[in-house]
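This report describes selected local features of one protein model. The sequence and the structure are shown first, and the description follows.

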Amino acid sequence: THADSARLLSPQLIHVACVCAGHNASRDVVTLVKSVLFHRRNPLHFHFITDTVANRILSSLFQSWMVPSVQVSFYDADELKSEVSWIPNKHYSGIYGLMKLTLTKALPSDLSKVIVLDTDITFATDIAELWGIFRKFTDKQVIGLVENQSDWYLGNLWKNHKPWPALGRGFNTGVILLYLERLRRIGWEQMWRLTAERELMSMLSTSLADQDIFNAFIKQNPVLVHQLPCFWNVQLSDHTRSEQCYTEVSDLKVIHWNSPKKLRVKNKHVEFFRNLYLTFLEYDGNLLRRELFGCPSQASPETLQAALEELDEDDQCYDFRRERLTVHRVHLYFLQYEYTPTEDDTDVTLVAQLSMDRLQMLEAICKHWEGPISLALYMSDAEAQQFLRYAQASEVLKNRKNVGYHIVYKEGQFYPVNLVRNVALKNANTPYVFLTDVDFLPMYGLYDYLSRKSVVQLDMAHTKKALVVPAFETLRYRLSFPKSKAELLSMLDMGTLYTFRYHVWPKGHAPTNYAKWRTATTPYKVEWEPDFEPYVVVRRDCPEYDQRFVGFGWNKVSHVMELDAQEYDLMVLPNAFMIHMPHAPSFDISKFRSSSSYRNCLNTLKDEFHQDLSRKYGSAALKYLTAQRNI
C-alpha cells in the first residue's frame with residue numbers, strides 16, 4: 001500500500017537522552033549535538049533532563065537554531081532529585097551524575113528505546129548505526145554498554161582501593177542503549193534501588209555515580225546486558241586501555257572525553273581526537289540547518305516562509321529587508337553566571353553589544369562598573385571559542401560572575417546591531433538598565449550613583465523617565481581617567497577631552513546641553529531634537545530597539561525617538577559621565593561612508609520607521625515627520 005511504502009521511505013525517528021545541568025555542560029552538549037547532526041540522516045528527538053540554567057540556555061538555543069527534523073523535549077531535573085538524593089556520591093558530577101538511573105520514570109511512558117549519552121561525547125559516525133544495534137538484542141537484553149577501558153573495577157589501582165562490584169572490567173555508562181519498554185516490564189526502578197541500598201551498606205557512597213550502580217546491577221543480572229563493540233565508547237581518561245580498542249583510527253565511532261583534563265590526556269592518537277573535537281567545537285552551526293533527504297521541513301515556520309516570499313527581489317533594499325527576517329542562533333549565558341537580586345528593587349544592569357574586535361574593552365568596563373552586566377556578542381562559532389579562551393585566561397573576567405555573556409551567532413552580510421542589543425536588553429535581570437556601547441567607560445562609581453541615588457531620587461519606579469548620562473570622548477589611547485566632574489571639566493578646558501562626536505556629529509548629543517551641565521547640581525529635563533542619541537538609564541520594560549536598522553546609522557536614534565513618542569521625560573544627570581575610548585572604525589561605518597546605496601536604503605528605512613511611528617502613536621509622532629522634512 002501507499003502507506004507502507006511511505007513508511008519504508010521515511011527514515012526512523014531516533015531518540016537521544018542527555019542529562020545536562022549548568023553553564024559548562026550546556027556548552028559541552030552543543031558540541032555533542034553538532035557532531036551527531038553532522039553525520040545523521042534520520043530525524044532526531046533529543047530528550048534533555050535539565051536544571052533551570054540548562055533549560056533556559058538550551059530551549060532558546062534550539063528555538064533559534066531551527067534545525068530541520070529535530071524535536072527537543074525538556075524534563076525538570078529538580079523533580080527527579082528526590083529519586084536519587086539519598087545516594088551519597090563522591091563523583092564530580094554530583095547529584096546529576098545519578099539521574100540516568102531515573103530515565104524509565106522521567107521519559108514518556110510510551111517511549112520504548114533511547115540512546116543515552118554523556119555531554120562529553122563526540123560522534124565520528126552516523127548515530128543510526130548505533131540505534132541499529134537494538135535489533136541485535138536477544139529477548140532478555142535490556143541495556144547495551146561498552147566495557148570500561150580503565151582498570152578501575154579490577155580494584156588494584158592503589159592500596160585499599162575498593163571499587164563497587166562489577167562483571168570483569170565493568171561497563172562505562174557514557175554511552176547506553178536503554179530498552180525502556182523492557183526495563184519497565186522487569187521492574188527496573190525497584191531493582192536498581194534494591195541493588196544500591198544493599199551495596200551502600202558496605203560501600204557508603206558511589207565513586208563513579210550511576211556507573212557504580214549500573215555495574216552492581218549487571219553483576220547480579222548478567223543476561224540483561226548486551227556488550228557493545230568498544231569503538232562505540234572510546235574512553236580517553238588517563239588509565240584506559242582504549243588503544244587496544246581499535247587498530248585503525250578510521251574504525252572509531254564515538255569518543256568519550258571522560259577525564260577532567262579533557263584535551264590534555266595522554267594517548268597516542270590524541271592529536272587526531274583533539275582535531276575531531278575542535279572541528280565540531282568551531283563548526284558553523286548554521287550549516288546544520290540543511291534539509292534531510294526525504295523529510296518534509298518543519299524548520300522554518302510558515303509565517304517566516306510567507307514573509308520571505310512577499311519580499312521583492314528587485315527592491316534596492318532587498319538585502320536589508322531579508323536580514324530583518326534572518327533568525328540568528330542565540331546561546332544565552334555562555335559562561336558561568338550568578339546574580340542575586342537586591343532587596344530594594346533599584347538595581348541597574350549595564351547593557352551593551354560587541355563583536356570580536358572590541359573584546360579588549362571588557363576588562364576595563366568590568367573595572368569601572370561593579371554591578372551586573374548583560375552583554376550580547378556577535379560572533380561565529382570559532383570566534384565564540386576564542387572568546388571563551390580569552391575570558392578563562394583573564395584574571396578580571398574569570399572572577400566576575402555577574403556578567404551574562406550571550407552569543408548571537410553570525411549569519412548574513414550585515415551586523416544586526418539592534419537585534420544583538422535586544423538580546424542583551426531582554427536578558428538583563430534587574431528592574432533598570434543602562435543602555436550603553438562597549439567602547440565607553442562609565443565614570444568610577446556610576447553604578448552606585450545610579451542604583452543608590454538617581455533611581456530613587458527621580459522616582460523611576462512610578463514615572464516614565466530616561467536618565468541621560470552625558471557622553472565625552474578622548475582621542476588618546478592612554479588616558480588618565482578623571483576621578484570627578486571637576487577633574488573632567490578641567491580636562492575639557494585643556495583639550496584632552498571633548499564632548500562626544502563634537503567634531504563629526506554634534507547633533508547626536510547637542511540636546512544634552514553641555515554648557516548647562518557644567519554648572520548643574522540637580523537633574524534637568526531636556527527636549528527631544530532630531531538625531532538625538534544619548535546613552536540612557538531606563539526601566540527594563542522600555543521599548544525594544546527597532547531591528548530594521550542593521551549595521552551603521554540610526555540604530556540608537558530610532559530608539560530614543562520611540563522613548564520620546566511614549567512620552568518618556570529625558571532627564572540629564574548632573575554628576576554622571578561616560579567617556580568614549582578611541583578604536584579603529586568598524587567595518588559597517590566604512591561601508592556607510594563609501595556606499596551610496598547603503599545610505600539611500602537607510603533613508604528609505606527611516607521614512608518607513610516614521611510612518612510606523614505615526615501609525616502607532618498618532619499625533620504624538622507628527623513632530624518627527626516635520627523634523628524629518630526640515631532636515
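Predicted model: local features only at pLDDT ≥ 70, side-chain atom pairs only at ≥ 80, totals over all residues.

Which residue in β19 does Glu-473 stand opposite? The residue opposite Glu-473 is Tyr-498, in β19.

**The four-stranded sheet**

The strands β18 and β19 belong to an open sheet of four strands, arranged in the order β16-β23-β18-β19. The pairing within this sheet is mixed. Strand β18 comprises residues 471-473 and pairs with β19 in the antiparallel sense, over two bridges.

**The disulfide and other cysteines**

The structure holds one disulfide. This bond joins Cys-317 to Cys-601, with an S to S distance of 2.3 Å. The torsion about the S-S bond is about -110 degrees, and the disulfide is therefore left-handed. Cys-317 is located in the loop between α11 (302-310) and α12 (318-324), whereas Cys-601 lies in helix α22 (residues 596-617), so the pair ties together parts that are 284 residues apart in sequence.

A disulfide requires cysteine sulfur atoms within 2.5 Å. For Cys-20, the closest cysteine sulfur is that of Cys-18, at 6.4 Å, which is too far for a bond.

| Residue | Relative accessible area | Class |
|---|---|---|
| Cys-317 | 1% | buried |
| Cys-601 | 1% | buried |
| Cys-20 | 1% | buried |
| Cys-366 | 6% | buried |

Where is Thr-119 placed? Thr-119 is found in the loop between β4 (114-117) and β5 (121-123). Is this residue buried or exposed? With a relative accessible area of 14%, Thr-119 is buried, because the buried class covers values under 20%.

When residues up to four places away in sequence are not counted, Thr-119 touches Cys-18, Val-19, Cys-20, Ala-25, Asp-28, Val-29 and Leu-32. Among these contacts is Cys-20, which is itself buried at 1% relative accessibility. Cys-18 is also in contact with Thr-119, and the sulfur of Cys-18 is the closest cysteine sulfur to that of Cys-20.

Technical notes:
Residues numbered from 1 in each chain as written. Heavy atoms only, no water. Buried < 20%, exposed > 50% of the residue type's maximum accessible area, 1.4 Å probe, protein only. Contact = heavy atoms within 4.5 Å. Pairing = 2+ DSSP bridges.
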